[in-house]
Amino acid sequence: MALTDLSTLGALKDAGYQVRSVKDEMRANLMEKLRAGEDIFPGILGYDQTVIPRLQNAILAKHDIILLGLRGQAKSRIIRMLPQLLDDYIPVIEGTPLNENPFDPITKQGRELVEERGDDTPIEWLPRDERYGEKLATPDTTIADLIGDIDPIKAANERLTYADEEVIHFGIIPRTNRGIFAINELPDLQPRIQVGLFNIMEEQDIQIRGFNVRFPLDVMMVFSANPEDYTSRGNLVTPLKDRIDSQITTHYPRTLDTGMAITEQEAWQDRADGTDDAAVDVHVPNFFREIVEQIAFEARDSEYIDQTSGVSVRVTRAALEALLSAAERRALLNDEDETTVRVSDLMHVAPAITGKVELVYEGEQEGAQEVALTLIGRAVRSLFTDYFPDPSDKEDGRPEYEDVLNWFAQGNDVELDQDMSDAAYAETLGQINGLQALVEEHLSPNTPGETRAGMEFVVEALHQNSLVGKELTEGGQTYDDIMGSMLSSLGDGGVPGEDFDESDFDDDDDDDPLSRYR
């Protein structure tokens, strides 16, 4: 007979069942999983040598925990995975509100039931999923919400005094007795509410409205907080901070590969899943995945972004999804069954960035859209040299682009409409002398679509290195000679871009249009 088939206190005693505290339970189950080599937190990437070992140490030490980190660092996800360390089921007294231990009931109702029924006291088995509770801390959260309060209506109807524990309406923490309770964004709780948690953290009991009614609880408390709130604004009262045993700091992905793995795991990419006849098969060359991830790295190092607020990994997830959607929409407009993402599709990534970063004063002056486009451009420039020679190296890198730069220097330009078909896109880029050969030599593309995308990648990177001009239009962009683009900008009352470098030009060689690129 399985333990969960037992239905009375007497049967539980006969089976020799031993009740463990929540923290003892989690410690024992973690030890078993570690010995078995199990993945304790599947899907949590980049924390194998940092956050996860510290979290496991805290559980082994039977500590209450706070996860401290910026937005989008998997704090809530980690917390919601902790119940997997609980037993599958535990026995509780049937019909009582606080998941009471049949061997040691804590409420008046539970005690009276055990005294009256003895070994015939009915029990039920509570699954681990029902032993977890959480609350997002907000300024309007009350003690009644968390711990409980007197129910005056019940007291009046049953003619009980307020000192009688039967008139208590329990809050969500007591109702998570023998489980895990999490409070997200802890500093947002008002200080007087935080004070109400003192007894739960240290003495593991609660008091209601000052009456001499105490309930010893068995709860593991877990919190999350933003470090700015935790350290700068001073919204966490010091005695409560002292009662939290382990403070574990989370972080953003530290390598591009880790960030890409997280984005690959989280982003919705399977657009042509066979359920829709109109679906488009969108191909994403690897360098685009790197560019999307690099955008977040650039943002986390940008002078325009408020670094104390962080740049969530949700930026790259949303950016990749927006990139796929831009290519998907373009293919649908051109009645194409498959397509490859393009550099010009990156312009549609901006909305996925602007809503997820907070700008400092300089960023506000530039504007959210311009900041987003700047981050995209910096990402392209940063990753370009992983695949191609460095165009900023006048000795060894720039000569590789001589044919391409000469073509633009002769007054030619290319206009790339964001919605142009693959055939028109290939024809337009194919006009540029030496461009396709350059891509085939250095990028080793696997498909014609990847070749075309690589060709625009080169042109955009040359623009980011101030070697080719670029003008944005409502529906696309035009690449042309850098001098012509600058003169056009000045004629319109604009100013050259911040990356313009006068040293790239030599007035003594006007007879050779390419000389200014050497």
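Tutor: Let us begin with burial: a residue is buried if its relative accessible area is under 20%, exposed if over 50%, and partly exposed in between, using a 1.4 Å probe and protein chains only. In this predicted model, buried residues make up 50% of the 518 residues in the protein chain.

Student: What should I know about the source before reading on?

Tutor: The model is predicted, so local features need pLDDT of at least 70 and side-chain atom pairs count only at pLDDT 80 or more, while totals for chains, interfaces and linings use all residues. Residues are numbered from 1 along each chain as its sequence is written, and side-chain values use heavy atoms, with hydrogens and water left out.

Student: How many helices and strands does the protein chain have?

Tutor: Helices (H or I, at least four residues) and strands (E, at least two) are DSSP runs, numbered from the N terminus. Here the protein chain has 22 helices and 16 strands.

Student: Is T340 buried or exposed?

Tutor: T340, which is found in strand β13 (residues 338-340), counts as buried because its relative accessibility is 9%. Contact means heavy atoms within 4.5 Å, and, leaving aside neighbours within four places in sequence, T340 is in contact with H283, P285, R330, D345, G449, E450 and A453.

Student: How do I read a pair of aromatic rings, and why is the pair of F287 and F457 stacked?

Tutor: Rings of Phe, Tyr and Trp (its six-membered ring) pair if their centres lie within 6.5 Å, and planes under 30 degrees apart count as stacked, over 60 as edge-to-face and the rest as tilted. By this rule there are nine aromatic pairs. In one of them, the ring centres of F287 and F457 are 4.7 Å apart and the planes lie at 5°, so the pair is stacked. This pair links distant parts of the chain, with F287 in helix α13 (residues 286-299) and F457 in helix α21 (residues 448-464), 170 residues apart.

Student: Which ring does R300 lie over?

Tutor: A charge sits over a ring if NZ of Lys or CZ of Arg is within 6 Å of the ring centre and within 35 degrees of the ring normal. R300 lies over the face of Y252, at 4.2 Å from the ring centre, and R342 lies over the face of Y425, at 3.9 Å from the ring centre.
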